[in-house]
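Trainee: I have a structure to look through today. Could we go over it together?

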Amino acid sequence: MPSITSSNVAQAIVKLVAADALPALMGNLVMGNLVNRDFEPVLAQAGDTVNVPIPPTLVANNISDGGSVVTQNPSLGNAQIVLNTHAEATFQIPDVTKILAVPDLLRLYMEPAVAALAEKIEADLLGLYSQFTANAPVGTAGSALTEAAIDTAETALFNAKVPASSPKYLIVSGEAYSQMRQIPRFSEFQTAGEAGLRALVEGSVGKIKDFFVFRSQFVPKTGSGPVTTNNLAFARNALGLVVRRLPQPLPGTGAIAEYAELGNFGMRVVMSYQPNTLAQQFTVDVLYGTGVLRNSHGVQVKS
């Protein structure tokens with residue numbers, strides 16, 4: 001059995017913090033859990049560009065008896081996502097050894113730091129709404145979100161050939177979500193059955209017009225008198241979130257780092273000693289980039 005030293009105790013503390021960090025982050029993400037994150041989590045630096053291949057379009061040709069095939073030379077599409085955001089949340093713990101004995105203390109420190117990172121990622125993803133220009137925006141700025149607008153958004157994604165097997169999402173503000181709960185046909189038991197009862201009693205919209213509906217406090221609002229709420233309807237491959245593993249600190253610099261990774265999403269937890277405050281400092285950081293992958297797979301929904 002290895003002996004207990006200050007070095008392996010310090011490493012254990014960082015591992016404990018890292019293990020608690022990622023599940024808390026994933027629980028605070030809405031958009032981050034819905035968009036495409038299927039990119040290899042290798043080491044990278046801020047400013048790097050990730051090239052995301054997009055499948056080409058092919059056509060079917062009739063071939064007659066004795067005929068020959070028509071060779072096509074499709075070009076592989078490419079979407080570039082720049083790793084231009086290095087977000088961090090830092091806090092200090094005066095007596096770090098207490099978190100080994102009382103893990104609940106760790107959560108009191110970790111949850112606000114992790115929530116701050118999640119809010120930053122959510123805001124950046126939702127801020128891409130203006131880049132969806134292939135489909136005309138639906139809905140009316142400053143007006144309640146209507147069934148007709150939601151229907152038009154779903155039709156636009158269907159006409160854009162979003163695969164039927166690909167889930168479609170509608171992310172709306174709190175006000176728009178409230179407006180949807182008051183659409184009579186979807187909020188009454190006699191017209192919508194159990195789904196209407198859930199919307200009426202539990203307040204959960206769930207699914208409408210083939211959209212899984214979520215609400216977010218970070219849906220962008222622009223203008224004034226009236227304010228435009230920029231909700232977003234999209235399929236998974238409309239948006240990409242690329243996260244890259246940050247390098248370890250240089251050996252001998254007094255900092256210890258561990259990674260927390262899950263499902264192509266990861267972040268780094270760094271512990272260092274701050275002599276000015278006589279406390280251990282923890283930094284939770286993540287390097288990421290966001291971008292539009294398929295313009296036609298997203299629709300701006302105004303309200």
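Predicted model: local features only at pLDDT ≥ 70, side-chain atom pairs only at ≥ 80, totals over all residues.

Trainee: Which strand is T228 in?

Mentor: T228 belongs to strand β9, residues 228-235. Strands here are DSSP runs of E with at least two residues, and helices are runs of H or I with at least four, numbered from the N terminus.

Trainee: Is T228 buried or exposed?

Mentor: T228 is buried, with a relative accessible area of 15%. Buried means under 20% relative accessible area, exposed over 50% and partly exposed in between, with a 1.4 Å probe and protein chains only.

Trainee: And how many residues of β9 are buried?

Mentor: Eight of the eight are buried, so β9 is largely enclosed by the rest of the structure. T228, N230, L232 and F234 point one way from the strand, and T229, N231, A233 and A235 point the other way.

Trainee: What does β9 pair with?

Mentor: One partner is strand β14 (residues 298-302), antiparallel over five bridges; there, K302 is the bridge partner of N230. Two strands pair if DSSP finds at least two bridges between them. β5 also pairs with β9 in the antiparallel sense, over four bridges, and K168 stands opposite A235. Strand β8 (residues 221-222) pairs with β9 as well, antiparallel over two bridges.

Trainee: What does F234 touch?

Mentor: Leaving out residues up to four places away in sequence, F234 touches several residues, including M31, L157, Y169 and L239. Contact means heavy atoms within 4.5 Å.

Trainee: New topic: which residues of the largest nonpolar core touch the most other members?

Mentor: Of its 39 residues, these are M31, F234, L239 and L241. α3 gives the most to this core, with nine residues. A nonpolar core is a set of buried Ala, Val, Leu, Ile, Met, Phe, Trp, Tyr and Cys residues joined through side-chain atoms within 4.5 Å.

Trainee: Last one: which residues of helix α5 are buried?

Mentor: In α5 (residues 174-181), A176, Y177 and M180 are buried. They cover an arc of only 100 degrees around the axis, which puts them on the same side of α5; the arc is that of the directions from the helix axis to the C-beta atoms.

Technical notes. Residues numbered from 1 in each chain as written. Heavy atoms only, no water.
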